[in-house]
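I opened my notebook today to look up a few things in a structure. Come along and follow each entry on the model.

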Amino acid sequence: MNSKIGVKILSTGSYVPEKILTNFDLEKMVETSDEWISTRTGIKERRILDKSQVTSDLAYNAAVKAIEKAKISVDDIDLIVVATISGDAPMPSTACYLQKKLKAFNSTAFDISAACSGFIYGVTVVKGLIQSGLYKRALLVGVEALSRVTDWTDRNTCVLFGDGAGAMIFEASETEDDIVSAYLGADGSFTELLNIPAGGAINPTTEETARQKLQYIKMQGKEIFKVAVTKMAEAAIKVQEKAGLKDEDITLYIPHQANLRIIDAVAKKAGVNKDKVYVNVHKYGNMSAATTIVALDEAISEGIVPKGSLVELVAFGAGLTWGACILKINF
């Protein structure tokens, strides 16, 4: 790896489906209520992709926006990385489907699977590959079509998830490095707390697994809550320590938008100024790998991330995985 090569962030882009599913809509589907969902999660509505759309369509729309903002051609991109757990198919990668739709055939393309931490994992992967000298310009997308892997009869999970995509364009630089710091972690001993049990080598898809609805997200919510708060707070602190920064140096915090109570608890545990925490979970619910990048793109569009800002992203997901990164926004 050539440490003299920096990584410049050129742009961001995001896309969410037009269809809105509100808590009141869910009241007609399962035994729940707007009050119950709002009180426990902070979520009021979420976006659901159309039946004609697939994951790579969401990724494509976000990517096109980022490419247009960066004022580059798809031919300039030589690396495409997609973070997702709800891709178009188990094989090939959603990155290859996206490459085809973009006609970005000068690029290498692959997926990474780190669930809700996927985009932050992707930032570190892109940084390493660009600094290695192998690639000059990269497209990173965090995208999920979680409505396709959600059991809409399970009131404990179906109220939480939504669909969406966010994208970021990076390029090699001799003068700038906008990825200031990153910290990742994982603990595979907690794999059973949050998973999709069927569809892989452990439980290949059969009529029986389908009958048991094992192709959908299963979650032990109380246990996840405890570990999520601890590990996200740890990541938020350690990524600053690695960079030699303090809370006052950070312009905006963007935590994984899974649950408002988790966001509040992490901010308190990490000693973060709550006034600098960006929240949009009420609009979109948990979009897994897409949450932090969609929120960042929205914050930039809203004008609350001035040029030169330091933004800290932090997330936690199935695996269990967690991570944080500090990015300098210079566009």
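**Entry 1**

I began at P92, which I found in the loop between β4 (79-83) and α4 (94-102). I kept in mind that this is a predicted model. The peptide bond from M91 to P92 is cis, and its omega is near 5°.

I then looked up G319 and L320, which are also joined by a cis peptide bond, with omega about -10°. L320 sits in the loop between β12 (309-317) and β13 (321-329).

**Entry 2: what surrounds L320**

Which residues does L320 contact, leaving aside its neighbours within four places in sequence? I listed G185, A186, D187, G188, F190, L193, I224 and V227.

Next I looked up the largest nonpolar core, which has 43 residues. F316 and L320 touch the most other members of this core. I noted that α7, α8, β12 and β13 each supply at least two of its residues. The element that gives the most is α7, with nine residues. Apart from this core lies another one, of 37 residues, and V126, L140, Y278 and L296 are among them.

**Entry 3: α7 against α8**

Since α7 had come up, I turned to how it packs. I reminded myself that two packed helices are described by the angle between their axes and the distance between the axes. Helix α7 covers residues 221-243 and helix α8 covers residues 260-270. Their angle is about 45°, and their axes are 9 Å apart. That angle makes α7 oblique to α8. The crossing of α7 past α8 is right-handed.

Which residues meet here? From α7 I wrote down F225, A228, V229, T230, M232, A233, A236 and I237. Their partners in α8 are R261, I262, A265, V266, K269 and A270. Sorted by type, the residues of this contact are 11 nonpolar, one polar and two charged.

**Entry 4: two positive phi values**

My last stop was a pair of loop residues. K213 is in the loop between α6 (207-211) and β10 (218-219). Its phi is near 60°, a positive value in a residue other than glycine.

S288 is in the loop between α9 (281-284) and α10 (291-301). Its phi is positive too, about 50°, although S288 is not a glycine.

Is each one buried or exposed, or something in between? S288 has a relative accessible area of 1%, so I marked S288 as buried. K213 has a relative accessible area of 30%, so I marked K213 as partly exposed.

How values were computed
Residues numbered from 1 in each chain as written. Predicted model: local features only at pLDDT ≥ 70, side-chain atom pairs only at ≥ 80, totals over all residues. Heavy atoms only, no water. Axes fitted to C-alpha atoms, helices over the stretch in contact; angles between N-to-C directions. Helix = DSSP H or I, 4+ residues; strand = E, 2+ residues; numbered from the N terminus. Parallel < 35°, antiparallel > 145°, perpendicular 65-115°, else oblique. Left-handed = near helix turned anticlockwise from the far one by under 90°. Contact = heavy atoms within 4.5 Å. Nonpolar A, V, L, I, M, F, W, Y, C, P; charged D, E, K, R; others polar. Buried < 20%, exposed > 50% of the residue type's maximum accessible area, 1.4 Å probe, protein only. Core = buried A, V, L, I, M, F, W, Y, C linked by side-chain atoms within 4.5 Å.
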